[in-house]
Amino acid sequence: MRHPRLLTPTAARLWLGGLLAIQACSVDRAVTPLERFTPVAVLSADARDLDAMLARDLRANGFTGRVGASLTARLGRPLHGPLADIGRLLFFDVENGLNNDNSCAGCHNPKNGFGDSQSIAIGIQNNGVVGPDRTGPRNQRRTPLLTNIAFLPALMWNSRFHSNSGDPFDHSRGFTFPPPEGASLSYLPHLLDAQAFIPPTERVEMAGFAFPGGNGDIRDEVIRRINAVPGYRVRFGEVYPNIKRGAAVTYDEFAAAIAEFEFTLTFADAPIDAFARGHHAAMTDSEKRGALLFFGRARCVNCHSVRGESNEMFSDFRQHVIGVPQIVPSVSNVTFDGPGANEDFGLAQVTGKESDRYAFRSSPLRNIALQPTFMHNGAFTRLEDAIRHHLDPVKSAMSYSPVTAGVAQDLRGPVGPIRPVLQRLDGRLKSPLTLRDEEFADLVQFVRTGLLDPRARSLASLIPSQVPSGKPVHRFQ
Ligand code: HEC
Ligand code: HEC
């Protein structure tokens, strides 16, 4: 992406804004515009004041509540139903996992907004279950949600796949991927078309270790297998006339189908969106008060931003160190970072710079109520804990216990070092933020239900009962 450590003018303004906000609430002095956000004012405001204040904050942040509806305009075409449906079948079919035991859906669970059912993903050699009882060797990170994924300008916890224009719909300046792909996927129309080239080649996720060769060889084999399944040939033939006439399905078409399915996972009509469009009754008073804190005194929006390239996704798509405890699986098929092989260097894995260690992308916050765990490694299992961590990361990290945090049994061993993480803590989180219990409850309420599109709760209907390869579909708990 734009170099993650260089502040653009906007980022610099946000950063400065954050600093000013922190100072303004810690220093006792005469009236400032911020006083309007003080707890007393917010709690005692009558409903109309709340509405007016929130509408003003949303306007000031450029928030329209219309991003979901902009999908087809930004694609420049309507969605293609039959192609998306092929993508859905592929998404659930272990046929494209050369280890024959995992599909995209093995990790991206429809019952969790197409995010993980676990703290840290389990890929190959799993027990066929998707849900709390999934077992097998763990990879390194939690699987993010795929709802609204079409709008993310940078993908992955360290943004290693990104659109150079800052717009996932615009490939004119190319897409950046780590080697061996580099810029070679830039000809594809959307960042998600390009991203679909990667998971089937990941050995710990889907490919396994038996098949020899590089990413290109693995893709050739995946597409050979898809072409050998009559059900896929027929379906692709209905979309692409040349395939009907006998041409082979190409990997580009496979990727287009997956991306088309992902476009259909746009669920960005949460109460906050309806409010922004003028339906003030769509949010509860508690959500409104929480939103005022989020955009105001609690300074969440500094990183979980909505304007410009953020596409109203509640992330600046930059990496920050927020001091998340480093939990370590007892059985993993990925070698963790650091001398003790018990760390995750985050952004530094991409840049190679020591100063980038432990930095992760600000999580896009829409629909996160559907997640069973939080942060890049699922170190927290309660949304309250994930939010409380931000109020005083040092205190939270130093007193962290995987047992009380409620993570799975195999993640309860000794945690990795925390001091080097906290040494790099983002300046904006260094001074603790004090919220009263009611304020904290409002903030959580806003994140939990104010940002949830209710339609995303029930996506289990997208699970196919069978897939064209005839191979078994995972058991979704
Ligand atoms: C083994 C579990 C696993 C499988 C299988 C898997 N993913 Fe993922 N996916 C992940 C994890 C973990 C991440 C984040 C990894 C990181 O940031 O290092 C991710 C990230 C993504 C992202 C970016 C999300 C974001 O918010 O940036 C997309 C898109 C995605 N996967 C799509 C797919 C598709 C499509 C497939 C199947 C072709 C697939 N995944 C298969 C675990 C998996
Ligand atoms: C300095 C930037 C920054 C600020 C300010 C900030 N966050 Fe975060 N937040 C992050 C980053 C980075 C992550 C992901 C960290 C990780 O997983 O290692 C995150 C993760 C989260 C998560 C977990 C999301 C998930 O997918 O697991 C929640 C919830 C959250 N933030 C809410 C908030 C709230 C509420 C506030 C305001 C009190 C806030 N954040 C302020 C940077 C920030």
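This is a predicted model: local features need pLDDT of at least 70, side-chain atom pairs count only at pLDDT 80 or more; totals for chains, interfaces and linings use all residues.

Biologist: Fine. Which protein atoms are donors to the iron atom of ligand 2?

Modeller: NE2 of H304 and NE2 of H390, lying 2.0 to 2.1 Å from the iron. Donors here are N, O and S atoms within 2.8 Å of the metal (3.2 Å for Na, K and Ca); water is not among the atoms, so sites may look incomplete.

Biologist: Where in the chain are H304 and H390?

Modeller: They link distant parts of the chain, 86 residues apart: H304 is in the loop between α14 (285-295) and β5 (319-320), and H390 is in helix α16. Helices (H or I, at least four residues) and strands (E, at least two) are DSSP runs, numbered from the N terminus.

Biologist: Why is the arrangement around that iron atom called octahedral?

Modeller: Because the six donor atoms subtend angles of 86 to 179°. Six donors count as octahedral if opposite donors are over 155 degrees apart and all others between 65 and 115.

Biologist: What surrounds ligand 2?

Modeller: A shell of 27 residues, with C300, C303, H304, H376 and H390 the closest. A residue is near a molecule if one of its heavy atoms lies within 4 Å of it. The shell divides into 15 nonpolar, seven polar and five charged residues. Ala, Val, Leu, Ile, Met, Phe, Trp, Tyr, Cys and Pro count as nonpolar, Asp, Glu, Lys and Arg as charged, and the others, Gly among them, as polar. α16 (383-391) gives the most to this shell, three residues.

Biologist: Which side chains have N or O atoms close to the oxygen atoms of ligand 2?

Modeller: S363 at 3.3 Å and Q371 at 3.4 Å. The cut-off for such a polar contact is a pair of N or O atoms within 3.5 Å.

Biologist: OK, ligand 1. How many protein donors does its iron atom have?

Modeller: A single one, NE2 of H108, 2.1 Å away. H108 is found in the loop between α6 (104-107) and β1 (129-130). A polar side-chain atom of H108 also lies 2.9 Å from a nitrogen atom of ligand 1.

Biologist: What else contacts ligand 1 through its oxygen atoms?

Modeller: A backbone N or O atom of M156 lies 2.6 Å from one oxygen atom, and a side-chain N or O atom of R160 is 3.0 Å from an oxygen atom of the ligand. Elements giving two or more residues to the shell are α6, α7 (191-195), α8 (203-207) and α12 (251-263).

Biologist: And how does the shell around ligand 1 divide?

Modeller: Into 15 nonpolar, seven polar and six charged residues. Of the 28 residues there, C104, C107, H108, M156 and W157 come nearest.

Biologist: Switching to the backbone. Is the peptide bond from P179 to P180 cis or trans?

Modeller: Cis, with omega near 5°. P180 is in the loop between β4 (175-176) and α7.

Biologist: What about phi at E312?

Modeller: E312 has a positive phi of about 60°, although it is not a glycine. The residue E312 is in the loop between α14 and β5.

Note on methods. Residues are numbered from 1 along each chain as its sequence is written. Chains are lettered from A and ligands numbered from 1 in the order in which they are written. Side-chain values use heavy atoms; hydrogens and water are left out. A polar contact is a pair of N or O atoms within 3.5 Å; within protein, one must be able to donate a hydrogen and the other to accept it, and residues adjacent in sequence count only if both atoms are side-chain atoms. Four donors count as tetrahedral if all angles lie between 85 and 135 degrees; four count as square planar and six as octahedral if opposite donors are over 155 degrees apart and all others between 65 and 115; anything else is irregular.
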